[in-house]
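Dear colleague,

Please find the structure that I am handing over to you below. My notes on it follow directly after.

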Amino acid sequence: MTPALPLHPQRVSEEQGVNSAEAEEFLDRMFAEGAAEAGERFEDRLAQVRAEIMETGTYRHTPAELAYGARVAWRNSARCIGRLYWRSLRIRDRRRVTGAAAIAGECVAHLRQATRGGRIRPTITVFAPDTPDAPGPRIHNEQLIRYAGYRFEDGSVLGDPRYAEFTDQVRRLGWRPPERRGSFDVLPLVIEAEPGEPRLFTLPPDAVLEVPLTHPDHRWFAGLGLRWHAVPAISNMPLEIGGVTYPAAPFNGWYLGTEVGARNLADEQRYDLLPAIAELMGLDTTSERTLWRDRALVELTLAVQHSFDAAGVTMADHHTESHRFLAHLEREERAGRRCPADWSWIVPPLSGGQTAVFHRYYDEPDPLERPAFLSPP
């Protein structure tokens, strides 16, 4: 490791600004991994950062520091099975973008550039950080693309029940649903560039690639009218790098088939489609011992995977991705790094025991590990 230098007293308290020790730890790791810009010396950069923190309470990452920090935050994501690709993350530095409308425009640009007609590319767009003077912008959506959930008086929901409350909130803010409501109405972005002033922005249709779902064997499946969006862009998890927090940093990889087929469309608290599919398959649903849920779950996930493949949209399958995760794990171990993993998230929700990741344990996640994507506030 690069030798650490002694810390100097700070003019701004840690409660008000960045902790110099966190900045030093980040820079130390970055230089040790050879990710710094050519010719840059650790001692010189650390001295610059310390001086900036003493003066302002924070510091500004260089483009190289921002890129390295975002990629390592993905590498540290204990719940992600797709971390083999962490070095490929494309960085969109939009820290100088201000105003809710401009931020919304960059979110739309993110989706277009990440989608690439179905050849999904891992991408992150980083907006301004929190500082001692002012908070950075917030994106209140859990993901840039999500579907509305409309509550009825009898307690039922049209669309995605997970987002029924969020749908109520955006309607109170002024969003008007389509005149003919459906199960897959895309919610607007809620962006708060100025504290206490959330604003709504509708995503244009060309920024939201959706895949109609069909089945390779069952013609009736298309009649269900199902579809799903191509890009899973998480947008409410702050990114923390070296003590600096970026509250708005939407990022995406690509979907795993089981995320859509075995969770989003199948979970009872989501679209709950297994009973309908089992009935159309002619399965006996009067007893759990017929394994009707399992059989319907396989066919639903197969339909999702088949449809994305037919549309030319990137989607991983859980068996292949399990082997790739273990390849990532081996690479990390060879590099002398821990690879924490949350077993309950790494093991797929379909045929878990048949995947390579099921048959071992992993390093426990460290909640203090940085850089990191943090839990939503």
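Strand β10 pairs with strand β13 (residues 251-252) in the antiparallel sense, over 2 bridges; two strands count as paired if DSSP finds at least two bridges between them. Ile 234 has Phe 251 in β13 as its bridge partner. Helices (H or I, at least four residues) and strands (E, at least two) are DSSP runs, numbered from the N terminus.

This is a predicted model, in which local features need pLDDT of at least 70 and side-chain atom pairs count only at pLDDT 80 or more, while totals for chains, interfaces and linings use all residues. Residues are numbered from 1 along each chain as its sequence is written, and side-chain values use heavy atoms, with hydrogens and water left out.

The mixed sheet

The pair belongs to an open sheet of 4 strands in the order β1-β2-β13-β10, with mixed pairing. Its edge strands, each pairing on one side only, are β1 (90-93) and β10 (233-234). Helix α3 packs on this sheet and touches β1 and β2 (123-126), contact meaning heavy atoms within 4.5 Å. The direction of α3 makes about 130 degrees with that of β1; axes are lines fitted to C-alpha atoms, for helices over the stretch in contact, and angles run from 0 to 180 degrees between N-to-C directions. Helix α4 (residues 100-115) lies across β1, β2, β10 and β13, and runs at about 160 degrees to β1.

Strands β1 and β2 run parallel and are joined by 4 bridges. Ile 91 stands opposite Ile 124 in β2. In a regular strand the side chains alternate between the two faces of the sheet. In β2, Thr 123 and Thr 125 point one way, Ile 124 and Val 126 point the other way, and all are buried. Buried means under 20% relative accessible area, exposed over 50%, and partly exposed in between (1.4 Å probe, protein chains only).

The antiparallel sheet

A further open sheet has 3 strands in the order β3-β6-β7, with antiparallel pairing. Strands β3 (138-139) and β7 (199-201) stand at its edges with a single partner strand each, so one side of each is left without a neighbour in the sheet. Strand β6 (residues 189-192) and β7 are joined by 3 bridges, and Val 190 stands opposite Leu 200 in β7.

Helix α2

The buried residues of α2 are Phe 42, Arg 45, Leu 46, Val 49, Arg 50 and Ile 53. Seen down the axis, these fall within an arc of 135 degrees, so they line one face of the helix; the arc is that of the directions from the helix axis to the C-beta atoms. Their cover includes α1 (20-32) and α3 (63-75). After α2 comes Gly 57, whose phi is positive, near 90 degrees.

Gln 305 lies in helix α8 (residues 292-311) and is buried, with a relative accessible area of 15%. Gln 305 and Gly 257 are 48 residues apart in sequence, yet 5.6 Å apart in space, C-alpha to C-alpha.

Ser 322, in helix α9 (residues 318-334), counts as buried at 0% relative accessibility. Leaving aside residues up to four places away in sequence, Ser 322 touches Ile 81, Pro 348, Thr 355, Ala 356 and Val 357.

With kind regards
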